[in-house]
Amino acid sequence: MFIELTEILRCPRDHAESYLVASPMVMDGRRIVRGAVGCPACRAEFPIVEGVAYFGPAGAAAGGEEAAAPPDYDAAALAAFLNLSGPGGYVVLVGAAARAGPALVEAVPGVHVVAVNPPPGVRPGPMLSLLVSPRALPVRTASVRGVALGAGHAGGGWPAEGARVLLPGLRLVIEGEAAGPLPAGVAELARGAGLRVGQRER
Ligand SMILES: [Zn+2]
């Protein structure tokens, strides 16, 4: 996990939004390979193992998304749907959408990609951080440039979580163009290529 990512993380537990504090034990450049992030509010400590930060058990986060089959869209299309132009900031890919993570790192230089609950086979890298979080996004409100949700995370509380972490005016992409309405506060821009694209209100 990229150490600077800590600045946009929050404790996923059920209390007022709290920042987290990183405690690296083993670093590789700017990446925490082993260590923990801790919550000063509830004293929870979340381990970082082999570069992956665990905010809950990995098994509970899989959501039935075993297959890492290639997506129906490529990374250039995803970057366009997310309207990612220019370097800086963070984009969050959740569940099956994270299989586009390594290619998106190449497509949008200087943008850090955060893969949450990625399918097997997605490996962390200098510009790709991996998080496992079964219940909610461990990300601060209004802190990222774009969010893409895989089909297994297109329902439940995940769309509202995606909308919450987006900066105003930026984009939420959800796999499955036939599915229902977008979450409150997100206006639909387009449907196509198996995706719904929305924009968070300003
Ligand atoms: Zn906490």
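**Reading the fold**

Modeller: The chain holds four helices and eleven strands. Its radius of gyration is 16 Å, close to the 17 Å that the globule rule gives for 202 residues, so the chain is as compact as a globular protein of that length. Please keep in mind that this is a predicted model.

Colleague: What does the C-alpha trace of the chain span along its principal axes?

Modeller: The span is about 45 × 35 × 35 Å. Of the 202 residues, 46% count as buried. Among contacts with a separation of 6 or more, 54% are accounted for by residues 24 or more positions apart.

Colleague: Do β10 and strand β11 run parallel or antiparallel?

Modeller: They run antiparallel, and six bridges join β10 to β11 (residues 195-200). Within this pair, Glu-188 has Gly-198 of β11 as its bridge partner.

Colleague: Which strands does β5 pair with in the parallel sense?

Modeller: One is β6 (residues 112-116), joined to β5 by five bridges. Val-91, for instance, has Val-113 of β6 as its bridge partner. Between these two strands the chain passes through helix α3 (residues 101-107), and this β-α-β crossover is right-handed. Another is β8 (residues 144-149), which pairs with β5 over four bridges. There, the bridge partner of Val-94 is Leu-149.

Colleague: How do I read the directions of side chains along a strand, and which residues of β5 point one way and which the other?

Modeller: In a regular strand, side chains alternate between the two faces of the sheet. In β5, Tyr-90, Val-92 and Val-94 point one way, Val-91 and Leu-93 point the other way, and all are buried. Five of the five residues of β5 are buried, so the strand is largely enclosed by the rest of the structure.

Colleague: Which residues have the most contacts inside the largest nonpolar core?

Modeller: They are Val-91, Val-92 and Leu-93, in a core of 60 residues. Strand β5 (residues 90-94) gives the most to this core, with five residues. Leaving aside residues up to four places away in sequence, Leu-93 touches Ala-98, Ala-100, Gly-101, Val-113, Ala-115 and Ala-148.

Colleague: Let us take one more residue. Why does Val-116 count as buried?

Modeller: A residue is called buried when 20 or more other C-beta atoms lie within 10 Å of its own. Val-116 has 30 C-beta neighbours inside 10 Å, so it counts as buried. Its place is in strand β6. Its contacts beyond four places in sequence include Val-92, Val-94 and Leu-137.

Colleague: How far apart are Val-116 and Val-132 in sequence and in space?

Modeller: They are 16 residues apart in sequence, and their C-alpha atoms are 5.6 Å apart in space.

Note on methods: Residues numbered from 1 in each chain as written. Predicted model: local features only at pLDDT ≥ 70, side-chain atom pairs only at ≥ 80, totals over all residues. Core = buried A, V, L, I, M, F, W, Y, C linked by C-beta atoms within 7 Å. Buried ≥ 20, exposed ≤ 12 C-beta atoms within 10 Å, placed from the backbone. Contact = placed C-beta atoms within 7 Å. Pairing = 2+ DSSP bridges. Right-handed = clockwise from strand over helix to strand, strands pointing away. Rg over C-alpha atoms; globule rule 2.2 N^0.38 Å.
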